[in-house]
Amino acid sequence: MPLDELDRGLVHALHLDGRAPFTLIADVLGTSQQTVARRYRRLREEHGLRVVARLAPRKVGQVEWFVRLRATPDAAVEVARALAARDDTTWVQLTSGGTEIVCLTRVPGTQAPDALLLHQLPRTPRVVAVSAHCLLRMFVGGPVGWAARATALSPEQAARLTAEPEADTGESVDLSGDEPLFTALARDGRATFADLAAATGQAEPTVRRRVHDLRRTGVLYLDIDLDPAALGYHAPALLWLSVRQPRLAAVAEALARQREVALVAATTGPTNLLASVLCTDADALYTYLADTLATIEGVGHVESAPIIRTLKRTA
């Protein structure tokens, strides 16, 4: 079933604060707590909705790399599944007719993804090309979020759910001993504090304070994993753009303001900007490329790659 106004309001609420109590969300939406809980369960079962907790890479000394692989058609799904099973990948997609795989991987800041590229991929000669592009700056996506999926609530409603802004002191954060907490939150970003206490062996008030502090400082952020088709987007695509260097920031910021754009990142490599766009159908994708993207000054070559299948989606 397509999402109705109440479903979209719930998605918007979770986008603003993935751990907001159902009592608060129900009050904001003008419905009952039972209705919100029932809708949330349906969205999970029918559309794969998840609230996931992630560590902000730069806050914990990690660097993200976009990895592109070309494989023969008979090997592409096997390689993509192997990448999706890894803990250090955050999304994996098949593009370009199912022969190219694009994934996002996180590594310690002092390392390049050599182990992933050279040693830990499935050992098959059917992977015919590999390239890696370091993520330099994220303009939309990840900790920044995507505004277009969150437009159901009024500004007044949204203000009641907006999480406390982070207080970045620039100081390093000691995360030793937090691994069980991160593991539990990665499985379910809405896990109760009682469940988190059981998973970590700590007292519930201690876990509650730790989650609050990690979110307040921006080390831990919450995101939504939801199939874009549930919101009516059936033609997703990745765009690899070559932008004149003096216009790089301006082009990225222009893209970030567009409703169709779910991710914009400056990268290294032969192209210097990556965008993930979500359109309702192929005609809408053409219109976006021909009438919207083409009007942005500074955009040169554009390589578009329709997303055929998503095997992992928690960027």
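A residue is called buried when its relative accessible area is under 20%, exposed when over 50%, and partly exposed in between (1.4 Å probe, protein chains only). Helices (H or I, at least four residues) and strands (E, at least two) are DSSP runs, numbered from the N terminus.

This is a predicted model, in which local features need pLDDT of at least 70, side-chain atom pairs count only at pLDDT 80 or more, and totals for chains, interfaces and linings use all residues. Residues are numbered from 1 along each chain as its sequence is written, and side-chain values use heavy atoms, with hydrogens and water left out.

**Overall picture**

The protein chain has 11 helices and 10 strands. It contains 315 residues, and 48% of them count as buried. Contact here means heavy atoms within 4.5 Å. Among contacts in the protein chain with a separation of 6 or more, 78% come from residues 24 or more positions apart. The accessible surface of the protein chain is about 15,000 Å², with 51% belonging to carbon and sulfur atoms. Such areas come from the Shrake-Rupley method with a 1.4 Å probe; for residues, only the protein chains shown count as cover.

Strand β8 covers residues 261-267. 7 of its 7 residues are buried, so β8 is largely enclosed by the rest of the structure. Two strands pair if DSSP finds at least two bridges between them. β8 pairs in the antiparallel sense with strand β5 (residues 127-140) over 4 bridges. It also pairs in the antiparallel sense with strand β9 (residues 273-279), over 5 bridges. Val-264 of β8 is the bridge partner of Val-140. Val-264 also stands opposite Ala-275 in β9. The hairpin of β8 and β9 has 5 residues between the strands. There, Gly-269 takes a positive phi near 115°.

**Selected buried residues**

| Residue | Relative accessibility |
|---|---|
| Cys-103 | 0% |
| His-133 | 3% |
| Cys-134 | 13% |
| Gln-258 | 15% |

His-133 lies in strand β5. Leaving aside residues up to four places away in sequence, His-133 touches Glu-64, Trp-65, Phe-66, Arg-68, Trp-240, Thr-267, Thr-268, Gly-269 and Pro-270.

Cys-103 counts as buried, and so does Cys-134. A search of the whole structure finds 0 disulfides (pairs of cysteine sulfur atoms within 2.5 Å).

Gln-258 is found in the loop between α10 (248-256) and β8. Gln-258 touches Tyr-288, Thr-292 and Ile-296, not counting residues up to four places away in sequence. The side chains of Gln-258 and Tyr-288 are joined by a polar contact of 2.6 Å. A polar contact is a pair of N or O atoms within 3.5 Å; within protein, one must be able to donate a hydrogen and the other to accept it, and residues adjacent in sequence count only if both atoms are side-chain atoms. Gln-258 and Leu-293 are 35 residues apart in sequence, and their C-alpha atoms are 9.6 Å apart.

**Aromatic pairs**

The structure holds 2 aromatic pairs. In one of them, the ring centres of Phe-66 and Trp-91 are 5.8 Å apart and the planes stand at 50°, so the pair is tilted. Phe-66 lies in strand β2 (residues 62-71) and Trp-91 in strand β3 (residues 89-95), so the pair ties together parts that are 25 residues apart in sequence. Both Phe-66 and Trp-91 are buried. Rings of Phe, Tyr and Trp (its six-membered ring) pair if their centres lie within 6.5 Å; planes under 30 degrees apart count as stacked, over 60 as edge-to-face and the rest as tilted.
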